[in-house]
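This briefing is meant to be read beside the sequence and the 3D view that follow.

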Amino acid sequence: MVPGLVEVQDVDKPTVKNPDDVVIKVLRACVCGSDLWAYRGLDDKPANSINSGHEAIGIVEEVGADITTVKPGDFVIAPFTHGCGHCPACLAGFDAVCQDHSDNFSNGTQAEYYLAQHAQWSLVKVPGKPEDYSEAMLKSFLTLADVMATGYHAARVADVKPGDTVVVMGDGAVGLSAIIAAKLRGAKRIISTSRHDGRRELAAEFGATDNVAERGDEAVENILAMTNGGADAVLECVGTAQSTDTAMKVGRPGAIVGRVGLPHDDKDLLLKAVLDGKINPGKVFTKTFTLDEINDAYQAMADRQVIKSYVKVRD
């Protein structure tokens, strides 16, 4: 990748190198907002570096000698973090800060094949085969590789409870997923903060009851007035100075601000919610691209023409 350009290149198919490696035949991938840092030239990645894609669903192709949790032919979700599964951090559900593996973030999923490292504990098996599911379900499964789990993490660390009033800062895929998560955890009132008609409509579909489009002091004043002094929980899903400042000001005394950092181990809970039809986070994918159109997928997100770009690697 070089700033402003992502190209498809022919490279050798990955193979198992370590006992805990797994090679995955990628079916669907996507572009994340964090991928845009390098695309916009804001990261110091060298030219021609591997793509930064870190979300995928696919079929297990090959496994290392130590892998017992999946086998060739399994349909899996490949989350963007992976850990050893037995250190204190992993046991607490924070595999993104695994104490045994420093290289615990995925990279290179925007490809036909992906080498998943330290895969014994991280891959999530989906019942059945891909052909058992609609494209809409495949999209929802793919969100569990990152954005839906990240949005749920924000709601979980903010201790969203039934009956709560919740403010969600951000209307990207993570912010919209956080709205889903707040509703799933029983929030009675959810205030979104979108300035875009399409995203505000999707936020309402996902469970937002109100919306505040203003920013800065005006947003704080409006939210405090709407909530009679502050929300029970605030989910900060943007990361800018302004968003963080607003989030800290719109919670009631004793409220918790869930700033999205590293996803907790909620994979099984979220997979069941998708399978049971309780949530449909795949709607954050608002346009589909082929792998050959990967640069268009990046540009569409950079231009905010789509919420999240869905990459159909193969049928």
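The bridge partner of V167 in strand β9 is V234, and in β10 the bridge partner of V234 is V257. The model is a predicted one, in which local features need pLDDT of at least 70 and side-chain atom pairs count only at pLDDT 80 or more, while totals for chains, interfaces and linings use all residues. Residues are numbered from 1 along each chain as its sequence is written, and side-chain values use heavy atoms, with hydrogens and water left out.

**The parallel sheet**

- Five strands form an open sheet in the order β8-β7-β6-β9-β10, with parallel pairing; helices (H or I, at least four residues) and strands (E, at least two) are DSSP runs numbered from the N terminus, and two strands pair if DSSP finds at least two bridges between them.
- Because β8 (210-211) and β10 stand at the edges with a single partner strand each, one side of each is left without a neighbour in the sheet.
- Strand β6 (residues 165-169) runs parallel to β9 and is joined to β9 by four bridges, whereas five bridges join β9 to strand β10 (residues 251-259), again in parallel.
- Strand β7 (residues 189-192) is joined to β8 by two bridges, and these strands run parallel; S192 stands opposite N211 in β8.
- Strand β9 (residues 231-236) is mostly covered, with five of its six residues buried, where buried means under 20% relative accessible area, exposed means over 50% and partly exposed lies in between, for a 1.4 Å probe and protein chains only.
- Together with helix α8 (residues 241-249), β9 and β10 make a right-handed β-α-β unit; a crossover is right-handed if, with the strands pointing away from the viewer, the path from the first strand over the helix to the second runs clockwise.

- Helix α4 (residues 147-157) is mostly covered, since nine of its 11 residues are buried, among them M148, Y152 and H153.
- The cover over the buried residues of α4 includes α3 (135-143), α5 (173-184), β9, β10, α9 (267-275) and β12.
- Just after α4, D159 takes a positive phi of about 60°.
- D164 is found in the loop between α4 and β6, and D164 is buried, with a relative accessible area of 8%.
- Leaving aside its neighbours within four places in sequence, D164 is in contact (heavy atoms within 4.5 Å) with D159, G186, A187, K188, R189 and D232.

**Aromatic rings**

- The structure holds six aromatic pairs; rings of Phe, Tyr and Trp (its six-membered ring) pair if their centres lie within 6.5 Å, and planes under 30 degrees apart count as stacked, over 60 as edge-to-face and the rest as tilted.
- The rings of F80 and F105 have centres 6.0 Å apart and planes at 45°, so this pair is tilted.
- Because F80 lies in the loop between β3 (75-78) and α2 (88-91) and F105 in the loop between α2 and β4 (113-116), the pair ties together parts that are 25 residues apart in sequence.
- F80 counts as buried at 11% relative accessibility, whereas F105, at 41%, counts as partly exposed.
- The rings of F285 and Y310, with centres 5.1 Å apart and planes at 50°, also make a tilted pair.
- As F285 lies in strand β11 (residues 285-290) and Y310 in strand β12 (residues 308-312), this pair likewise ties together parts 25 residues apart in sequence.
- F285 is buried, with a relative accessible area of 5%, and Y310 counts as buried at 1% relative accessibility.
- F75, Y133 and F141 are linked into a cluster by ring pairs.

**Charges over rings**

- K13 lies over the face of Y113, at 4.5 Å from the ring centre; a charge sits over a ring if NZ of Lys or CZ of Arg is within 6 Å of the ring centre and within 35 degrees of the ring normal.
- K267 lies over the face of W121, at 5.3 Å from the ring centre.

**Cysteines**

- A search of the whole structure finds zero disulfides, a disulfide being a pair of cysteine sulfur atoms within 2.5 Å.
- For C32, the closest cysteine sulfur is that of C30, and the separation of 7.1 Å is too far for a bond; C32 counts as buried at 10% relative accessibility.
- For C87, the closest cysteine sulfur is in C84, at 3.7 Å, which is also too far for a bond, and C87 is buried with a relative accessible area of 4%.
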